[in-house]
Amino acid sequence: MNAPIMPGTAATPQSPHEDGPRPRRLLNKQQGRTVISVILLALPLLVYGLFMLYPLGRVLILSFYRWDGLGVGEWVGVQNYVTTFSDERLLGAFLHALVLIAFYAVIPLIVGLVLATLLTRTQVRGLGFFRTVVFLPQVIAMVVLAIAWRRIYAPDGLLNSILRGFSLGSLTRTWLGDFSTALVAVGLIGTWVSTGLVTVLLMSGIANIPKDYYEAATIDGAGWWRRFWHITIPGVRAEILVSLTLTVIAALKTFDLVYVTTSGGPGTSTTVPSYEVYNQAFRLGSVGTASSLAVILTLVIFAINLAINLLGERD
C-alpha cells in the first residue's frame, strides 16, 4: 500500500523551463515562412538563371568581342554594334522583318476578325471541323510547311499551273527566285500559318460576348458594321492584343521558313535578323557581330510588344 503523500514532503513535478532560462527560438513564425519561401523558390530561380539569364548575359558579353568561335576573343567594345548599324545587309534584314509583320500580324488579324465574326454569329454547321482545319498549320512543323510551299511556288508548281489554267501564263514566274516577289511569297506563307491561330483566338473571344448586346443594338437599328465596330472589336480587345503579341514575335524571329525556302535570297531580298545571326555566326565566323545582332533583335521585340500592350491598356 502506497504511503500518503503529505503536502510539502513530496517532490512536485516541475516545468522544464523552471530549471533555467527558456530556450529561445531561432526563428519566429514570419521568419520561418520567409526561409521556406526562399528554399521553394531557389530551384526554379536556379533553373531560370542557368537556362535564361546566363545565355542572355553570355550573348551580351560576346557582342563586345571579335571572336571567330574557335580562338581567343578580342575585346572591341561597341565596334560590333557600329558594324551592325552601318552594314546595309544587316539593316535590310530588319526592314524585311518589319515587312513580314504586315503578313504575319496585320493581314491575319483583319482576315481573322471577319472570319471569326461570320462563323460565330451565323451558326455555321461543322464549326468544330472548320476550327480544326484553320488551326492545322499551327501543329505542323514549319520546316514541313516550307518544303510544301516550295513545291507550290516552283516553276512547275501548283500556283503556276492554276495561272496557266486560267490563261494567265504571263503572270507565272519563279516566285521564290524573283527579286520582286520572293519576300511577298515568304510573307504569304506566314499569313497562311498565322490566320488560323488568330481566328481561333478571336472566335473564343466573340463567343464570350453576350448575345443581348447584339440584340439590343439590332433593335436600335444598328447595322452589321456598327455592331462589329462598337461591340465585337471592344469585346475581343484582349484577344487582339494576344494575337498581335504572338504574331509579331513570330514575324521578327522567323528563321526556319526563310532558311528552307530561300536561304535569304535571291541576293539579300529575304534576309531577316534571325537568319543573319546564323549566317554571321556559323558561316562567316563573326560571333561578335552575330551576338550584337541578337541583342538588337531582342530589344526590338521587347520594345514593339511593350508598345502594343501599352496602347491596348490605354484604349
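**Figure 1. Salt bridge between Glu74 and Arg66 in the predicted model.** In this predicted model, the side chains of Glu74 and Arg66 meet in a salt bridge, with an N to O distance of 3.1 Å. Glu74 is partly exposed, its relative accessible area being 44%. Arg66 likewise counts as partly exposed, at 46% relative accessibility. The structure holds four salt bridges, and the pair shown here is one of them.

**Figure 2. Salt bridge between Arg89 and Glu276.** The closest N and O atoms of Arg89 and Glu276 are 2.7 Å apart, and the two residues form a salt bridge. Arg89 belongs to helix H3 (residues 88-121) and Glu276 to helix H12 (residues 273-283), so the pair ties together parts that lie 187 residues apart in sequence. The two partners fall into separate accessibility classes: Arg89 is partly exposed, with a relative accessible area of 29%, whereas Glu276 is buried, at 0% relative accessibility.

**Figure 3. Salt bridge between Arg151 and Asp156.** A salt bridge joins the side chains of Arg151 and Asp156, with 3.7 Å from N to O. Asp156 counts as exposed, because its relative accessibility of 53% is over the 50% limit for that class.

**Figure 4. Surroundings of Ser63.** Ser63 is located in the loop between helix H1 and strand E1 (65-66). Its relative accessible area is 0%, and Ser63 is therefore classed as buried. The side chain of Ser63 makes a polar contact of 2.8 Å with the side chain of Tyr81. Residues up to four places away in sequence being set aside, Ser63 touches Gly77, Asn80, Tyr81, Gly288, Ser291, Ser292 and Val295.

**Figure 5. Buried face of helix H2.** Helix H2 spans residues 79-86, and Asn80, Tyr81 and Thr84 are buried within this helix. Viewed down the axis of H2, the buried residues fall within an arc of 100 degrees, so they line one face of the helix.

Figure 6. Leu43, Leu46, Val47, Tyr48, Leu50, Phe51, Met52, Leu53 and Leu56 make a nonpolar surface patch of about 930 Å². One of these residues, Leu53, has its place in helix H1 (residues 29-62). Leu53 is partly exposed, with 48% relative accessible area.

Figure 7. The loop between helix H11 (256-261) and H12 contains Pro266. The peptide bond leading from Gly265 to Pro266 is cis, with omega near -5 degrees. Ser263 is found in this loop between H11 and H12 as well. The phi angle of Ser263 is near 55 degrees, a positive value in a residue other than glycine. Ser263 is partly exposed, and its relative accessible area is 36%.

**Figure 8. Positive phi angle at Ser167.** Ser167 lies in the loop that runs between helix H6 (158-165) and helix H7 (182-207). Its phi angle is near 60 degrees, which is positive although the residue is not glycine. Ser167 is exposed, with a relative accessible area of 67%.

Figure 9. Leu246 is part of helix H10 (residues 237-252). With neighbours within four places in sequence left aside, Leu246 is in contact with Leu197 and Leu201. Leu246 counts as partly exposed, at 42% relative accessibility. The C-alpha atoms of Leu246 and Asn305 are 9.1 Å apart in space, while 59 residues separate the two in sequence.

**Figure 10. Context of the close-up views in the protein.** The protein has 13 helices and two strands. Of its 315 residues, 36% count as buried. Among contacts in the protein with a separation of 6 or more, 66% are accounted for by residues 24 or more positions apart. The accessible surface of the protein comes to about 19,700 Å², and 67% of this surface belongs to carbon and sulfur atoms.

Note on methods. Residues numbered from 1 in each chain as written. Predicted model: local features only at pLDDT ≥ 70, side-chain atom pairs only at ≥ 80, totals over all residues. Heavy atoms only, no water. Buried < 20%, exposed > 50% of the residue type's maximum accessible area, 1.4 Å probe, protein only. Helix = DSSP H or I, 4+ residues; strand = E, 2+ residues; numbered from the N terminus. Arc of directions from axis to C-beta. Patch = residues over 30% accessible without salt bridge, like charges linked within 9 Å, V, L, I, M, F, W, Y side chains within 5 Å. Areas by Shrake-Rupley, 256 points an atom, 1.4 Å probe, with all protein chains shown as cover. Polar contact = N/O pair within 3.5 Å; in protein donor to acceptor, adjacent residues only side chain to side chain. Contact = heavy atoms within 4.5 Å.
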